[in-house]
Amino acid sequence: MQVGAKVPNVVFKTRVRDEAVGGTNPFRWQDMSSDDYFKGKRVILFSLPGAFTPTCSTYQLPGFEENFAKFQELGVENIYCMSVNDSFVMNKWSEAQDVKNVDVIPDGSGEFTRKVGMLVRKDNLGFGLRSWRYAAIINDGVVEAWFEEPGLEDNHGEDPYGESSPENLLKYLEAANVETAA
């Protein structure tokens with residue numbers, strides 16, 4: 001993706017809690033579109049290779065969660081974490097991480113990830129198709145800033161992390177805020 005590009009229009013298959021369903025698993029399917037997530041607001045989207053994986057669970061997701069208030073002060077309404085995992089996995093990972101401020105988006109089929117050019121093979125790790133690690137600031141469905149880890153390729157031997165870190169996005173937003181104020 002490039003700055004100024006509109007995010008692709010995709011329908012995400014999500015599971016949402018609904019007490020009307022009853023039973024021990026009160027969830028129902030709910031389709032969510034790109035517009036539902038990105039239209040009319042300024043958000044952060046970060047994507048990663050997989051739920052429950054080490055860097056994602058230890059640094060990236062917790063870092064965005066812990067810095068949510070700082071991001072809000074800098075004009076970000078929502079933070080979304082996307083992965084090429086289904087809604088069941090994403091919901092359980094969010095629960096296991098005790099996430100309150102970051103919403104997860106399941107890109108189970110990888111359609112959004114493919115359309116933004118970030119779908120890679122990770123067969124070397126037994127993952128199959130997954131997302132390359134990236135982050136974006138999206139304003140009303142348009143990419144305002146793009147942060148992609150270096151070395152995008154299938155079956156990459158490493159898992160680079162830094163460009164898409166919450167600390168890097170905070171640094172960008174703080175500098176942009178200073179420029180706007182000047």
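These entries record what I looked up in a predicted model.

**Entry 1. Ground rules**

I number residues from 1 along each chain as its sequence is written. The model is predicted, so I note that local features need pLDDT of at least 70 and side-chain atom pairs count only at pLDDT 80 or more, that totals for chains, interfaces and linings use all residues, and that side-chain values use heavy atoms, with hydrogens and water left out.

**Entry 2. The whole protein**

I find 6 helices and 9 strands in the protein. Here helices (H or I, at least four residues) and strands (E, at least two) are DSSP runs, numbered from the N terminus. The radius of gyration is 16 Å, close to the 16 Å that the globule rule gives for 182 residues, so the protein is as compact as a globular protein of that length. That radius is taken over C-alpha atoms, and the globule rule is 2.2 Å times the number of residues to the power 0.38. Along the principal axes, the C-alpha atoms fill a box of roughly 55 × 40 × 30 Å.

I also looked up burial: 48% of the 182 residues are buried. Buried means under 20% relative accessible area, exposed over 50%, and partly exposed in between (1.4 Å probe, protein chains only). Of the contacts (heavy atoms within 4.5 Å) between residues at least 6 apart in sequence, 62% join residues at least 24 apart.

**Entry 3. The largest pocket**

Rolling a probe the size of a water molecule over the atoms shows where empty space is left. I worked with a 1 Å grid over the protein atoms alone: a cavity is a set of points where a 1.4 Å probe fits but cannot get out, a pocket is an open set with protein on both sides within 12 Å along at least five of seven lines, and lining residues have an atom within 4 Å of a point. Grid points are joined across faces, edges and corners, and a volume is the space filled by probe spheres set on the points.

The largest pocket holds about 590 Å³ of space. It has 21 lining residues, and R15, V16, F27, N91 and V104 are the closest to its centre. Strand 1 (11–17), strand 2 (27–33), helix 4 (87–96) and strand 5 (102–106) each give two or more residues to this lining. Which element gives the most to it? I found that helix 4 does, with 5 residues.

By class, the pocket lining has 10 nonpolar, 5 polar and 6 charged residues. For these classes, Ala, Val, Leu, Ile, Met, Phe, Trp, Tyr, Cys and Pro count as nonpolar, Asp, Glu, Lys and Arg as charged, and the others, Gly among them, as polar.

**Entry 4. Enclosed cavities**

My search of the whole structure gave 2 cavities of 30 Å³ or more. The largest cavity contains about 40 Å³ of space. Its lining consists of P49, K122, S131, W132, R133, E149, E158, D159 and P160, which divide into 3 nonpolar, 1 polar and 5 charged residues.

The second largest cavity has a volume of about 30 Å³. I list M1, V7, L45, F112, V116, Y134, A136, I138, V143 and W146 as its lining. Strand 8 (134–139) and strand 9 (142–148) each give two or more of these residues, and strand 8 gives the most, with 3. What classes of residue line this second largest cavity? The lining has 10 nonpolar, no polar and no charged residues.

P8 lies in the segment before strand 1 and, at 12% relative accessibility, counts as buried. Leaving aside neighbours within four places in sequence, I find P8 in contact with M1, S34, F112, K115 and V116. P8 and D35 are 27 residues apart in sequence and 9.4 Å apart in space, C-alpha to C-alpha.

S33 belongs to strand 2 and is buried, with a relative accessible area of 17%. With neighbours within four places in sequence again set aside, S33 contacts N9, V10, V11 and F12.

**Entry 5. Helix 2**

Helix 2 (residues 54–66) has 13 residues and reaches 17 Å from its first C-alpha to its last, close to the 18 Å expected. The expected span is 1.5 Å times one less than the number of residues. Its buried residues are T55, C56, S57, Q60, L61, P62, G63, F64 and E65.

**Entry 6. Positive phi**

Most residues other than glycine have a negative phi. D140, not a glycine, has a positive phi of about 55°. I place D140 in the loop between strand 8 and strand 9, partly exposed at 43% relative accessibility. N155 has a positive phi near 50°. N155 lies in the loop between strand 9 and helix 6 (166–181) and counts as partly exposed at 32% relative accessibility.
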